[in-house]
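Here is a short note for a colleague opening this structure for the first time. Please read the points with the structure in view.

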Amino acid sequence: MFLTKEEILEGNKLIAVFMGDYFDTGLEPSYYIRYNKEYKLEDSQFHCSWDWMMPVVDKINGMGKAYSFAIFKSYVSLTVEKGGKVFKDYSFAYSEYITPTQTGKEAAFKLLVKFVKWENENLLKSELAIPL
């Protein structure tokens, strides 16, 4: 299934925020900084360029104790886990299928967006948690 322009823009923004590159000017269009260069949000290429996606994968790699990102002929998978008592509930494992209507890059982009949304939900839960 093809991604809509809105899905691409939303996903690119989520990833730019996750990477710490995004800043909202309050004006349209919004801009972000990547490698000291300013981009319009709609010009970002997280959805179509391995050069843009792989730094995201590298950042995710640094987050967990156990990590895997794999690209196979028919699917892309990502697993991130943190061990120990504090992080025992931190576990993400998901695969996105590559189909005749979805390229490997699209599948990887959707997978990264899914992870960022999941990570954001976990951060929100931890901020709302009441210490014992």
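1. Start with a charged pair. Glu96 forms a salt bridge with Lys110, and their closest N and O atoms are 3.5 Å apart. A salt bridge here is a side-chain nitrogen of Lys or Arg within 4 Å of a carboxyl oxygen of Asp or Glu. Glu96 lies in strand S6 and Lys110 in helix H3, so the pair ties together parts that are 14 residues apart in sequence. Helices (H or I, at least four residues) and strands (E, at least two) are DSSP runs, numbered from the N terminus.

2. A word on the source. This is a predicted model: local features need pLDDT of at least 70, side-chain atom pairs count only at pLDDT 80 or more, and totals for chains, interfaces and linings use all residues. Residues are numbered from 1 along each chain as its sequence is written, and side-chain values use heavy atoms, with hydrogens and water left out.

3. Is Glu96 buried or exposed? Glu96 is buried, because its relative accessible area is 12%. The cut-offs: buried means under 20% relative accessible area, exposed over 50%, and partly exposed in between (1.4 Å probe, protein chains only). Lys110 is partly exposed, at 23%.

4. Leaving out residues up to four places away in sequence, Glu96 touches Tyr75, Val76, Gln102, Ala107, Lys110 and Leu111. Contact means heavy atoms within 4.5 Å.

5. How many salt bridges are there by this rule? The count is two. Glu10 and Lys117 form a salt bridge through their side chains, at 3.6 Å from N to O. This pair links distant parts of the chain: Glu10 sits in helix H1 (residues 5-18) and Lys117 in helix H3 (residues 104-128), 107 residues apart. Glu10 is partly exposed at 42%. Lys117 is partly exposed too, at 37%.

6. Now look along H1. The helix has 14 residues and spans 20 Å from its first C-alpha to its last, close to the 20 Å expected at 1.5 Å a residue. That expected span is 1.5 Å times one less than the number of residues. Buried residues in H1 include Leu14, Ile15 and Phe18. Just after H1, Gly20 has a positive phi of about 80°.

7. Next, the sheet. Three strands form an open sheet in the order S4-S5-S6, with antiparallel pairing. Two strands pair if DSSP finds at least two bridges between them. S4 (66-71) and S6 (91-97) are the edge strands, each pairing on one side only.

8. The strand pairs can be followed residue by residue. Six bridges join S4 to S5 (residues 75-81), and these strands form a hairpin with three residues between them. Phe69 stands opposite Leu78 in S5, and Ser68 opposite Thr79. S5 and S6 pair over seven bridges. On that side, Thr79 stands opposite Ala93 in S6.

9. Finally, what lies across S4 and S5? Helix H2 (residues 50-61) does, running at about 160° to S4. Axes are lines fitted to C-alpha atoms, for helices over the stretch in contact, and angles run from 0 to 180 degrees between N-to-C directions.
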